[in-house]
Amino acid sequence: MSKKIFSGVQPTGNLHLGNYLGAIKNFVKLSNDNTNDCIFCVVDLHAITAKQNPKELKDNILETIATFVASGIDPKKSIIFNQSRVPAHSEAAWILSCIARMGWLNRMTQFKEKAGKDKEKASIGLFSYPVLMAADILLYDATHVPVGDDQKQHLELCRDIAQKFNNEFEVEDFLKIPEPLIQKEFSRIMSLKDGSKKMSKSELSDLSRINLTDTKDQIINKIKKAKTDTLPMPSTIEELKERHEVKNLIGIYSNLIETSLEKTIVSFSGKNFSDFKDKLSQVLVEKIEPISNEIKKLKRDKEYLSQILVEGSQKANEIASKKIKKIHEIVGF
Ligand code: TYM
């Protein structure tokens, strides 16, 4: 059976290695399988849950499209579009917010992290963010949603919302219950400066992440400065338990060359840390530099990028408007 793939990325600038290894790399693989129908969305409505500079947001939407294409997603084969051009997303989000329960949303750890200590000052959009995400997925009858590990809880909420909608309106199987596609190993890439924090675009220090637009020299410098510890390279996986930064670097390396942690540990056991870092820089440069160069090239062709959005949004609109029409009928509008 062909899979219907849907996923989204926020256009908030600084797309990084975590986005790539946790999500985009998987998008490319899935989209290269001709039996899958793939839809990749630049979630600009989600982006404004935090304050954005309008001019920068416009540029970041195009940069996110450029990143998809530079990474290997073919806009002729997959639908690539931005959320705000398809009104059904906002409409469905409202209807589903009347299905989702406060208690469910109150459990979302990402809201707690992002809202920080002063929850009262967080926007309502930030709180209801996972409902909009559910709308994104359910409008397209997605069967599979490739994401990084940090989105797992949101996917579970999406499934609960779909189930409750179907039960409440007695429309069995109308909203399809999606499966998350999360990599088993290394689905969460951590900061290069603090192995207990996830690699993130909002982290102040640029040295904490490898951006997908970094140059060769920037990548080498960041890996040189990446935090490690004073112990030698590990020879067993157990030794990594308390060594978060080292585990992260070994995980990044293993993910890039598509091998297991165990095999990487065996091949570097007894070697100097600097040897490992040199090798890690080398594979990172091999993978990221061509993407970075291609993003920069594509960004100069704004017309091409805008055209991808126009065409993608038309196709997305065709699918989503049919589903929202049925939702209206079911609800009684
Ligand atoms: P966003 O924009 O924060 O991240 C995009 C994708 O990158 C993954 N990711 C990571 N994976 C591993 N390690 C990391 N350090 C790391 N940081 C980010 C995320 O898990 C994600 O897959 N809510 C979503 C966007 C969204 C969406 C959707 C996703 C909106 N609607 C519908 C799927 C389906 C988000 O904010 O992702």
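1. Salt bridges. In this predicted model, the count of salt bridges comes to 18.

2. Asp59 and Lys302. The side chains of these two residues form a salt bridge with an N to O distance of 3.9 Å. Asp59 belongs to helix 3 (residues 54-71) and Lys302 to helix 13 (residues 302-331), so the contact ties together parts of the chain that are 243 residues apart in sequence. Since the cut-off is 4 Å, the listed 3.9 Å falls within it. Asp59 is partly exposed at 28% relative accessibility. Lys302, at 44%, is also classed as partly exposed.

3. Glu179 and Arg159. The closest N and O atoms of this salt bridge are 3.6 Å apart. The pair joins strand 5 (residues 179-181), where Glu179 sits, to helix 8 (residues 152-168), which holds Arg159; the two residues are 20 apart in the chain. Glu179 has 39% relative accessibility and counts as partly exposed. Arg159 is partly exposed too, at 28%.

4. Lys222 and Asp206. An N to O distance of 3.0 Å is given for this salt bridge. Lys222 is in helix 9 (residues 216-225), while Asp206 is in the loop between strand 5 and helix 9, so the bridge ties together parts that are 16 residues apart in sequence. Lys222 counts as buried because its relative accessibility is 3%, and buried means under 20%. Asp206 is partly exposed, with a relative accessible area of 32%. Both residues take part in a network of salt bridges that also includes Arg209 and Asp214.

5. Largest pocket. The largest pocket holds about 1200 Å³ of space. Its lining comprises 46 residues, of which Gln10, Gln110, Lys114, Asp150 and Lys198 are the closest to the centre. At least two lining residues come from each of strand 1 (4-9), helix 1 (17-31), helix 2 (44-47), helix 6 (109-115), helix 7 (124-139) and strand 4 (144-146). By class, the lining of this pocket has 16 nonpolar, 19 polar and 11 charged residues.

6. Cysteines. The count of disulfides is zero. For Cys38, the nearest cysteine sulfur is that of Cys41, 14 Å away. Cys38 is buried, with 4% relative accessibility. For Cys41, the nearest cysteine sulfur belongs to Cys158, at 14 Å. Cys41 is buried at 0% relative accessibility.

7. Largest cavity. The whole structure contains two cavities of 30 Å³ or more. The largest has a volume of about 50 Å³. It is lined by Met108, Gln110, Phe111, Lys114, Leu126, Phe127, Tyr129, Pro130 and His154. Helix 6 and helix 7 are the elements that give two or more residues to this lining, and helix 7 has the largest share, with four residues. The classes are six nonpolar, two polar and one charged. Gln110 and Lys114, part of this lining, are also among the residues closest to the centre of the largest pocket.

8. Second largest cavity. About 40 Å³ of space lies in the second largest cavity. The residues around it are Ala92, Leu96, Ala135, Leu138, Leu139, Leu175, Lys323 and Ile327. Helix 4 (88-97), helix 7 and helix 13 each contribute at least two of the lining residues, and helix 7 gives the most, with three. Seven residues of this lining are nonpolar, none is polar and one is charged.

Conventions:
Residues numbered from 1 in each chain as written. Predicted model: local features only at pLDDT ≥ 70, side-chain atom pairs only at ≥ 80, totals over all residues. Heavy atoms only, no water. Buried < 20%, exposed > 50% of the residue type's maximum accessible area, 1.4 Å probe, protein only. 1 Å grid on protein atoms, 1.4 Å probe; cavity = no way out; pocket = protein on both sides within 12 Å on 5 of 7 lines; lining within 4 Å. Points joined across faces, edges and corners; volume = space filled by probe spheres on them. Nonpolar A, V, L, I, M, F, W, Y, C, P; charged D, E, K, R; others polar. Disulfide = S-S within 2.5 Å.
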